[in-house]
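Dear colleague,

I am handing over the structure that we spoke about, and below it you will find what came out of it. Please read the text with the model open beside you.

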Amino acid sequence: VSSTAAETPAPHPNGAVQLGEPMPLDDAGVPGLAAAWQGAAESMLNLVRAAGDSGWTVPSSCPGWSVGDLIAHLIGIELMLLGRPDDPMEVDQTSRPHVRSTFSRYTEIAVMHRLATPCGAVLGEFDAVIAERAAQLGVTPDDTSVEVLGPRGVMPLGTILRMRTFDTWMHLQDARRALQLPGVLLRKKRLRNRRVQVHVECHHGDQRQQGDRLVAQGPDQGA
């Protein structure tokens with residue numbers, strides 16, 4: 001991974017973040033993986049911030065979650081990785097029937113903690129959490145094999161960062177669909193090493209801008 005891979009992303013007006021040259025995540029070290037995650041997270045922040053209060057309560061394709069709930073979920077996971085998880089609370093499955101497993105009960109806690117919090121405050125928290133997590137990763141030794149505690153137990157740091165990048169990027173697409181601001185996925189196959197290179201071109205009115213750039217690991221299974 002080149003030294004430019006970890007450059008600070010520059011936001012676009014429509015919520016896209018441009019990261020420079022795409023990075024193959026299966027070859028990346030901690031700096032490259034951190035930059036990919038930060039790019040996805042800042043794209044999400046910019047997109048939802050641009051949508052304002054009117055976009056906050058729009059239902060997403062994730063059962064039971066609005067666009068704002070997606071942000072709350074991402075905050076909760078990153079806080080756990082920072083060592084400050086949300087306080088435990090009971091999840092009433094009668095009022096939240098989409099919660100059907102132990103893990104979904106866990107991820108619902110962050111959403112429930114922020115249900116009554118205004119949009120601007122939650123976005124401000126997400127902004128601060130992104131900055132804090134990026135700073136933490138910035139001083140983390142470049143060893144993707146070291147085992148750390150993640151949302152699903154102890155795993156290699158590289159695995160957790162790839163999971164966080166993919167989860168954040170996928171929820172960015174959930175938000176885009178909900179807000180009717182979809183990107184266009186352009187995939188370039190690299191069959192020899194089973195990488196899938198993903199670019200998203202964001203459309204905003206008559207302007208065409210490129211952003212939300214990510215390289216996903218795994219075989220190509222179609223757009």
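Of the 223 residues in the chain, 48% are buried, where buried means under 20% relative accessible area, exposed means over 50%, and partly exposed is anything in between, with a 1.4 Å probe and protein chains only. The accessible surface of the chain comes to about 11,100 Å², and 53% of that surface belongs to carbon and sulfur atoms; these areas come from the Shrake-Rupley method with a 1.4 Å probe, and for residues only the protein chains shown count as cover.

Please keep in mind that this is a predicted model, in which local features need pLDDT of at least 70 and side-chain atom pairs count only at pLDDT 80 or more, while totals for chains, interfaces and linings use all residues. Residues are numbered from 1 along each chain as its sequence is written, and side-chain values use heavy atoms, with hydrogens and water left out.

The mean pLDDT of the chain is 77, and 70% of the residues reach 70 or more. Among the elements, α4 has the highest mean pLDDT, at 98, whereas strand β6 (residues 195-204) has the lowest, at 31. Over residues 1-21 the pLDDT stays under 50, and the model has 61 contacts for them beyond four places in sequence, a contact being a pair of heavy atoms within 4.5 Å. Residues 186-223 also have a pLDDT below 50, and this stretch has 101 contacts in the model beyond near neighbours in sequence.

The secondary structure comes to 5 helices and 7 strands, which are DSSP runs numbered from the N terminus (helices are H or I with at least four residues, strands are E with at least two). Read from the N terminus, the elements follow the order β-β-α-α-α-α-β-β-α-β-β-β.

Which residues have the most contacts inside the largest nonpolar core? They are M44, V48, I71 and F126, in a core of 38 residues; a nonpolar core is a set of buried Ala, Val, Leu, Ile, Met, Phe, Trp, Tyr and Cys residues joined through side-chain atoms within 4.5 Å. At least two residues of this core come from each of α1 (30-56), α2 (67-81), α4 (119-138) and α5 (157-178), and α1 gives the most, with 11 residues. A second, separate core has 5 residues, including I77, L81, M155 and I160. In soluble globular proteins, nonpolar side chains tend to be buried together.

Helix α1 is mostly covered, since 20 of its 27 residues are buried.

Leaving aside neighbours within four places in sequence, M44 is in contact with L70, I71, L74, F126, H171, L172 and A175. H171 is found in helix α5 and is buried, with a relative accessible area of 8%; counted in the same way, H171 is in contact with M44, C62, W65, L70, H73 and L74.

The C-alpha atoms of I75 and V122 are separated by 8.7 Å, although the two residues are 47 residues apart along the chain.

Finally, Q180 lies in the loop between α5 and β5 (183-190). Q180 is not a glycine, yet its phi is positive, at about 60 degrees, and at 67% relative accessibility Q180 counts as exposed.

With best wishes

Conventions. pLDDT is the predictor's confidence in each residue, from 0 to 100.
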